[in-house]
Amino acid sequence: MISVNSISKKFGKQQVLHDFELRFEAGHSYAVMGPNGSGKTTLIKSILGMVLPDSGEILVDGQSIQGHTAYRQQIGYMPQIGRYPSNMKIGQLFSMMKDMRPEVKEYDLDLVNQFELEMIKDKAMGTLSGGTRQKVSAALAFLFQPKVLILDEPTAGLDPIAVEILKAKIQKERKEGKLILITSHILNDLEELTDQAIYLFEGEVFFNDSIESLKEITGEGRFSPAIAKLMQWTLKKKTSTKSLTHA
Amino acid sequence: MLKLLKYALYDILKSRFALIYTFFLFLIAVSVYQISDDLGKVSLSLMNILIMIVPLIAAVFATTHFYNNLEFIELMLAQPVKRIQVFLSQLFAVILMLSLSILIGFGLPMLVWGADSGLLILLGVGVVLSAVFAGFAFLASVMTRDKAKAIGVSLALWIYFSLVYDGLVLYLIYSFADYPLEKPTLALVLLNPVDLGRILMLMQLDISALMGYTGAFFRQFFSSNTGWLIASSALLIWIVFPNWIALKVFGKRDF
């Protein structure tokens with residue numbers, strides 16, 4: 001459904017994405033992992049068209065996203081740090097977002113109800129705590145029943161009850177066959193919510209396969225140790241390339 | 001596009017700055033009208049104030065507005081709307097607000113105490129200068145990633161066009177005083193939107209007679225139809241060109 005064809009991106013001298021080749025298919029749930037600054041958010045922002053890659057192209061449903069905006073109707077995006085106009089009220093924000101997608105008539109209000117956002121709809125966005133803002137971001141991402149959900153560190157900053165609500169919601173959408181993309185550092189969450197693992201390291205795709213084969217390749221039975229092993233391998237690779245360049 | 005403009009305008013009008021700015025202009029206009037009954041003197045005083053203040057406010061306000069609304073812009077870019085629409089809605093909202101402030105702040109006293117063609121042109125010049133400097137400010141904002149730097153660039157442009165440029169022109173005129181300078185000066189005026197606005201205003205007043213032979217030449221030029229056409233196209237280019245480049249940069253910017 002989404003294919004990323006050899007995209008590269010540099011910010012100044014730093015190569016953030018290097019020749020990325022990825023496929024995201026409907027019905028699967030992808031865990032995008034990697035250390036800080038490995039290019040996770042840049043990858044996501046490239047898919048959304050907020051960051052424009054230097055080379056390569058991104059196809060959604062077989063069509064290049066360059067110069068197109070309509071495809072974003074199908075994407076629900078929950079940013080890592082939700083930044084909203086500070087003197088806008090929650091209720092106004094929701095009606096504005098609905099106004100932006102007039103074709104959608106049926107809203108998914110599960111999260112709005114469970115997070116009880118209706119009760120605080122007159123609060124200004126600028127006065128909200130980080131966690132409440134995350135709840136608003138999550139509710140907005142699911143509001144239009146999109147086919148694709150892109151969640152950038154969805155559980156960071158949420159209280160345990162909210163985390164459970166959100167995870168249950170993600171599971172529900174997964175069962176309905178949606179394409180889900182999650183970045184996170186919380187491996188337990190990822191193990192529960194995803195079936196495909198993508199590991200990024202220093203701007204390159206280091207691993208991209210199902211979680212089953214990840215366990216097989218690393219020889220670990222469980223998810224966390226498997227990822228730990230993957231991280232060790234990346235570090236080894238780093239030192240070996242270093243010794244090569246110094247030689 | 002209209003929806004985006006609606007929300008952008010709503011946000012600006014809520015910011016209270018619009019109200020203060022309008023009231024400030026209104027106060028200036030009222031006090032100037034109290035000092036003199038002669039409309040010519042009123043327009044001259046108002047012009048001197050407008051030509052300094054309006055570009056300054058436009059430059060600073062548009063830059064701060066862009067950076068304060070970066071969140072809103074980012075939010076919109078993840079939605080199914082075109083970048084060009086996001087940019088233009090912000091730009092038009094800023095220009096609309098600045099123009100409305102001038103039209104109301106200066107226009108209301110004019111309605112009460114009367115106005116001549118000079119004062120009406122003054123309103124037009126105010127609106128045009130707001131648009132030009134909003135364009136400079138947006139250009140400075142999209143080219144930098146830092147609010148302070150963007151404000152610095154906007155202010156530098158304001159100082160250049162309002163003060164430094166005139167100094168350079170005077171220096172040139174004195175250095176080449178032995179040569180006929182009417183046409184070069186005219187060309188130099190076209191290269192500065194602030195000067196262009198000022199000359200257009202002065203031509204409406206009697207004092208242009210005091211400007212000697214150059215004044216007479218200018219008067220002849222700007223009272224002809226071609227002169228007006230050239231002057232207004234120059235101003236139009238000053239509005240469109242910076243904004244067009246800013247739009248191009250905005251289209252390629254990473255958020």
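The structure is a predicted model, in which local features need pLDDT of at least 70 and side-chain atom pairs count only at pLDDT 80 or more, whereas totals for chains, interfaces and linings use all residues. Residues are numbered from 1 along each chain as its sequence is written, chains are lettered from A and ligands numbered from 1 in the order in which they are written, and side-chain values use heavy atoms, with hydrogens and water left out.

Lys135(A) is the partner of Asp159(A) in a salt bridge whose closest N and O atoms are 3.8 Å apart (a side-chain nitrogen of Lys or Arg within 4 Å of a carboxyl oxygen of Asp or Glu). Asp159(A) belongs to the loop between strand E7 (148-152) and helix H5 (160-175) of chain A, and Lys135(A) to helix H4 (residues 130-143) of chain A, so the pair ties together parts that are 24 residues apart in sequence. Helices (H or I, at least four residues) and strands (E, at least two) are DSSP runs numbered from the N terminus. Asp159(A) is partly exposed, because its relative accessibility is 35%.

In another salt bridge of chain A, Lys229(A) pairs with Glu220(A), with 3.8 Å between the closest N and O atoms. Lys229(A) is partly exposed at a relative accessible area of 26%, and Glu220(A) is likewise partly exposed at 26%. Over all chains, the structure holds 20 salt bridges.

At the interface, 27 residues of chain A are in contact with 24 residues of chain B, contact meaning heavy atoms within 4.5 Å. The two chains, A and B, bury about 2,400 Å² between them, 56% of it on carbon and sulfur atoms. On the side of chain A, the residues that lose the most area to chain B are Met50(A), Arg83(A) and Met100(A), together 28% of what that side buries. Buried area is the accessible area (1.4 Å probe) that two parts lose on being put together, summed over both.

Polar and charged pairs also span this interface. Between chain A and chain B there are 5 salt bridges, and 14 residue pairs are in polar contact (both at pLDDT 80 or more). A polar contact is a pair of N or O atoms within 3.5 Å; within protein, one must be able to donate a hydrogen and the other to accept it, and residues adjacent in sequence count only if both atoms are side-chain atoms. Strand E1 (2-11), helix H1 (40-48) and helix H2 (90-100) of chain A each contribute at least two residues to the side of chain A that touches chain B. H2(A) supplies the largest share of that side, 7 residues.

Arg83(A) forms a salt bridge with Glu71(B), the closest N and O atoms being 4.0 Å apart. A salt bridge also links Asp99(A) to Lys3(B), at 3.9 Å from N to O. Asp99(A) is part of helix H2 of chain A and Lys3(B) of helix H1 (residues 2-14) of chain B, so the pair joins two chains. Lys3(B) has a relative accessibility of 32% and is therefore partly exposed.

The largest nonpolar core has 146 residues, and those with the most contacts inside it are Phe24(A), Leu93(A), Met96(A), Met76(B), Phe106(B) and Phe133(B). Such a core is a set of buried Ala, Val, Leu, Ile, Met, Phe, Trp, Tyr and Cys residues joined through side-chain atoms within 4.5 Å. Helix H6 (residues 117-143) of chain B provides the largest share of this core, 15 residues. Another core, of 13 residues, lies apart from it and includes Val189(B), Leu200(B), Phe221(B) and Ala234(B). Residues up to four places away in sequence not being counted, Met96(A) touches Met88(A), Tyr7(B), Phe72(B), Leu75(B) and Met76(B).

In the unreviewed UniProt entry, the feature "domain: ABC transporter" is placed at residues 2-227 of chain A; UniProt positions follow the numbering used here, feature names are shortened, and annotations may be inferred rather than shown by experiment. This span is 33% helix and 27% strand, with its end C-alpha atoms 25 Å apart. For chain B, UniProt (unreviewed entry) places "transmembrane region" at several spans, among them residues 45-67 and 119-143. Residues 45-67 of chain B are 100% helix, with end C-alpha atoms 34 Å apart, and residues 119-143 of chain B are 100% helix, with end C-alpha atoms 36 Å apart.

Notes: Buried means under 20% relative accessible area, exposed over 50%, partly exposed in between (1.4 Å probe, protein chains only).
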